[in-house]
Each structure stands twice: as structure tokens, then as C-alpha cells.
Amino acid sequence: MAKMVVKSIASKRSISTLSHLCDRIKQTENEIVQMFRLPVLKDEKQNLPINSKISRKGTSVRILDERFIRILKIFKWGPDAEKALEVLKLKVDHRLVRDVLKIDVEINVKIQFFKWVGKRRNFEHDSTTYMALIHCLDEARLYGEMWKTIQDMARSTCMTSPADLSEIVKILGNAKMVNKALSVFYQIKGHKCKPTASTYNSMILMLMRGGHHEKVHELYNEMCNEGSCFPDTITYTALISAFGKLGRDDYAIRLFDEMKDNGLYPTAKIYTTLLGIYFKLDKVEKALDLIREMKSKGCTPTVFTYTEWIKGLGKAGKADDAYSVFLDMLKEGCKPDVVLINNLINILGKAGRLEDALRLFNQMGAWQCKPTVVTYNIVIKALFECKAPASEAVSWFEKMQANGVTPSSFTYSILIDGFCKTNRVEKALLLLEEMDEKGFPPCPAAYCSLINSLGNAKRYEAANELFLELKENFGCTNARVYAVMIKHFGKCGRLNDAEVLFKEMKKLGCKPDVYAYNALMSGLVRAGMIDQAHSWLRTMEENGCSPDINSHNIILNGLARTGGTNRVIEMFTKMKHSITKPDSVSYNTVLGCLSRAGMFEEAAKLMKEMNSKGFEYDHITYSSILEALGKVDEDHASTVF
């Protein structure tokens, strides 16, 4: 009986091998595929090409593609899609892989399909299929999977072209994966691809965008050592820009000359970079020569070139020339942008040409330049600098808000500083409250102006209260605010508090700057503690903070007040032979000391020296000398002068 059952089961199983049933199963599978066939309209049939062979082939490919796409969209990747490949008789090759990766289906479907294809016999992915998937993953922001695919490509036997390597570098750079880009560059470069200038340029530009300027020079040296890979204009543009940002101006200038020696023509961008460097180095004539060279070579200045040109002239104190360049730019047909306008308004405001600055603002609409918060900030600052009524600054503040421009923390800082300088401290305090209500973070610059104004008004407790508030809200504040508070503690004789603050800022990691040292030394001198102040001057130098002329003048003034004429002359002589040369204050301090000591002949010699250097006498000191000389013999006085 058992044998019969087994036999029966065997016979039942064997029916699946019958040919007519196999055909039926295939027919059913075909019907499943046909379910996804798009209907062909009657008009379309009539418009088919006359050549039936071409017609059948073209129509078949389009219909099959559409059916397979619909299967992928509905069933995703899996057995159904695999079966559809067989039924539709789609040839699995690199072209099919690329076509599937172009389809608008889920990214996971593409990944699964790519991996399935890679496991098939007699098939290996090439650079075109790898790059197609890498682009898909990049677009989907699946950076982890993308990096794995790039590594697989690097380890595979497929060759990588320099263009593909450049593209991989760009993609990784845009994804902020700079170190990984460097890694794969050297990995692929080592055994399967010889980089071209374009490949190196992609690396250099990626490093530039990522702020890795130091690595740029290293890569440039590698490029030059290749022997057959020479820098082009793009390379030099990136390198010159990198060295400019690193402050290595001499290297940038050297590269500029090198590219010209190599027969390459600098672009407007390169000229603009060099122009900024020359102005930064105060080499105004060199900068202007560069403009002349640029124009003679037929290289038209861009709006960026004009911006650097105008900004540089403004920095050199040539506001009139800057404005003339702007007018010439308009005649040349170059349209200004908001950055250029902002710079020019700032230059005109600092030069006291408020009317021209405001006229320029009003003309912005004609050039389709919409004022930004920076524009309004510059205008408001210019109003204060040009001593315009504070009400005008308030009016512009209201105007910017009415025009839909939201004030920034810097806007409030400018207003607070302007009100402080015009002795409207209460108004400034109200603005500080408004700033807090609007949710702006505490602004050290605004607090600094208020603390200084309150200190100048001898409202030391109020100043200290504001200082403590800033510390509580902001944490470790900056050195300038500490310097202002130290200065006012010194003014009111609270030297212990001043020294405590100085030590506190060091403890908090806020490195004292020259202003903080000067504030402390000034307080000590005011209290008659000259030797301690002098000691701080030495400490300052030992700690790597270079004293400025004010530092020396504070000590010089202290020595002069205590009657130490010899020490004053000794320090003054050292100053004349040092980097920090005496200024008008230094000369007048020594002159006053000499006059108080009755050393009129020495005073007269010093006055002649001052005159030769273009320094003016302090009128009070000069009057006291004349008064003293009036008491001595008239003949003696005439020999002195």
C-alpha cells in the first residue's frame, strides 16, 4: 500500500515536467507581463514607420522598457522583476544597468538591482555602471552607501578614467568628505589611473572650498613632479587664491609671474586676487599698474575687480579716486552689485561725504540692487560718523524695518555706540533692552560702548553692574570689554579690582591684548605706582603681546609726573632707536617734563626737533615755557630761540 502511495505521489510530481503544462505556465507569466503593457492608440499604429523591421524593433523596445519599469515600481526588485527580465528577454549588460539606474524608482530598488547584477556569471560592473550608481546615491544623500560603492569601484578590476576620478573627487568634496576624497585619489592614482591637470584641478578646488589651503601647495608640487602634467590657468587661479587666503602674498605674486612666463594669460579673477593683495600690502602704485596691465591685455575688469579696486583706494584714503573709478565703471557698462555699493557708501561715509553716500543709496533701485541689512548698517554708522542728528539715525532704523529688512545685532551695536558717543546713554540702555526682547544674543560690542560711557560719566557701579550682566549672559567675554572695565576701575582708584579682573580674564582663557595691558598700566600710573606699571610693560613683552605707542607713552607720562627727568630722557632716547618711534604725545610729555625741571635749553632743542618732524607743541606747555623764559634775562632768552 505504501509503495502505491509513493508511486502515486511520484506520478503526480512528474506531471510538472509535461511540455504542454510548462507552456501553460510560461503563458501565464507572459500574461502577468502583458498586464503592465501600455495601450497603443490607433493613431499611433497608423503613424508607425513603413519599414516593418525597424518598426517592430523600436516599438518592442519602448513597450518592454515601460512594462519592466512598471513592474519595478509596483513589485520593487525581487523574484518578480527577475522573472520579468527572462520573459521580456532583456539582455543584462552595462547598458541595461545604466538604463535601470536612470528610472524614477526607489533608491533601494536600484541598489538591490545593482548588487544582483554584480553577482551574475560573466558580468562585471565597469566604470560607467559604478558612476551611474554613485550619482544616484549622491542625489539621494546616501553618503555612507555612496562611499562603500566608491571603495568597491577602487578595489575592482575596472579601469577608472581621469574624468571619472575628477567627478568622484567633486562629489566627495560637495559631501564634505575631503579626507575620503584624498584617500580614494591616492588609491586610484596608485594603480589604475594617471591623473591629468583637470584631475589635479578638481582636487585643488575641492581642498580650496574645504579651507584646506596648506594641502593645496603640497598637491601642486606633486602635480609638477608628474613630468607630463602641467598646471593650467585653473590651477594657477586656485593656487593664487589659496596663497592669498593664507597670507602668503609673496608666493601668490611669484605664481602670478610664473604663469605669465609659462605663456598663460591671467583671468580677471586672478588679476582681482592680485589687486586685493597689492592693496592689502599698501602697494597702491603696484595695484594701479596691475589695472593698466589688465586692460592692455584685453582682460575686462568685472564687478569683483572694481569692488577690490574701489575698496583698496578707500583703504588708502583716496575716497575721491574711489568714487571716480565707480563713475568710470558705469560708463564702461559694468553693473554694480550690492557688495560694491556697500563698500562705496562706507568709504564716502568715512570721508565725510554723507550727501554722496545717501545719493548712492537712493540710486540703488536703478541698478536692481536691493539694500540689505549691511547697507542700512553702513548708512546708520555713516550718519553718526558725520555728526548727523541722532534723530536721523533713528529715522533710518525705522525705515529699514518698514522696508522689510530685519535689524541685526550689529545694527543695534551701531545705534548703541552712536548714542553713547552723543551722550544719550539712557536711549542706548533702552536699545539694549529692546535687543534682548527681540531675542538677540548679548553683544559684547554694545555692552563695551555702554560700560565705557557709564565709566566716563563716573557711574562706576552702573558700569560694573552691566559688566557682570554681560559675564552672566555671555560667559567668557572678550578682552576689549575687560580692558574697558579695568580702565574705569583704575580711574576710580579700585586697583585691586582692576588686577583681579586682569587675572580673571587670563584664568578664563581670554588672552589679554594690548588694550588690557594699557588699561592696567594706566591705572597704576594714575595711582603713582610707576615701577609696578613699568614691570607690567616688561611682562607684556615677555608674554608675546607687543606694546604700542600708547603703552610707552603711559610709562613715559608716569615717569614725567614723578619728576624723574633722567629716566624720562633715557626711555625717550630708547624709543627713538626702537621700532616704536615717539609720536606727538611722547614729545610733548618730555617737553613738559623739561620745562617743569627748568631745563629750557634742552626744551628749546626738543622744540626744534619736533618742528622738523612736523609735530605740534602742546599749547599749555608752550605757554608755560614762554612764561618761565620771561622771568629770565631777555638776552639769554633770545639766544635760546
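Guide: One term to begin with: a residue is buried under 20% relative accessible area, exposed over 50%, and partly exposed in between (1.4 Å probe, protein chains only). By that scale Glu504 is partly exposed, at 22% relative accessibility.

Visitor: What sort of model is this?
Guide: This is a predicted model, where local features need pLDDT of at least 70, side-chain atom pairs count only at pLDDT 80 or more, and totals for chains, interfaces and linings use all residues. Residues are numbered from 1 along each chain as its sequence is written, and side-chain values use heavy atoms, with hydrogens and water left out.

Visitor: Back to Glu504. What does Glu504 form a salt bridge with?
Guide: With Lys471, and the closest N and O atoms are 2.7 Å apart. A salt bridge here is a side-chain nitrogen of Lys or Arg within 4 Å of a carboxyl oxygen of Asp or Glu. Glu504 lies in helix 29 (residues 495–507) and Lys471 in helix 27 (residues 460–474), so the pair links distant parts of the chain, 33 residues apart. Helices are DSSP runs (H or I, at least four residues), numbered from the N terminus.

Visitor: How many salt bridges does a search of the whole structure find?
Guide: The search finds 24. In one of them, the side chains of Asp282 and Lys315 meet at 2.9 Å, N to O.

Visitor: Are Asp282 and Lys315 buried or exposed?
Guide: Asp282 is exposed, at 57% relative accessibility, and Lys315 is exposed too, at 52%.

Visitor: And how far apart are Lys421 and Asp417 in helix 24?
Guide: They are four residues apart, which means about one helical turn. Their side chains meet in a salt bridge of 3.2 Å, N to O. Lys421 is exposed at 65%, while Asp417 is partly exposed at 25%.

Visitor: Which residues are linked in a network of salt bridges?
Guide: Asp320, Arg353, Glu355, Asp356 and Arg359.

Visitor: New topic. At what angle do helix 12 and helix 14 pack?
Guide: At about 25°, with their axes 10 Å apart. Axes are lines fitted to C-alpha atoms, for helices over the stretch in contact, and angles run from 0 to 180 degrees between N-to-C directions.

Visitor: Which residues in helix 12 meet helix 14?
Guide: Asn201, Ile204, Leu205 and Met208. Their partners in helix 14 include Ile234, Ala238 and Lys245. Contact means heavy atoms within 4.5 Å.

Conventions: Helix = DSSP H or I, 4+ residues; strand = E, 2+ residues; numbered from the N terminus.
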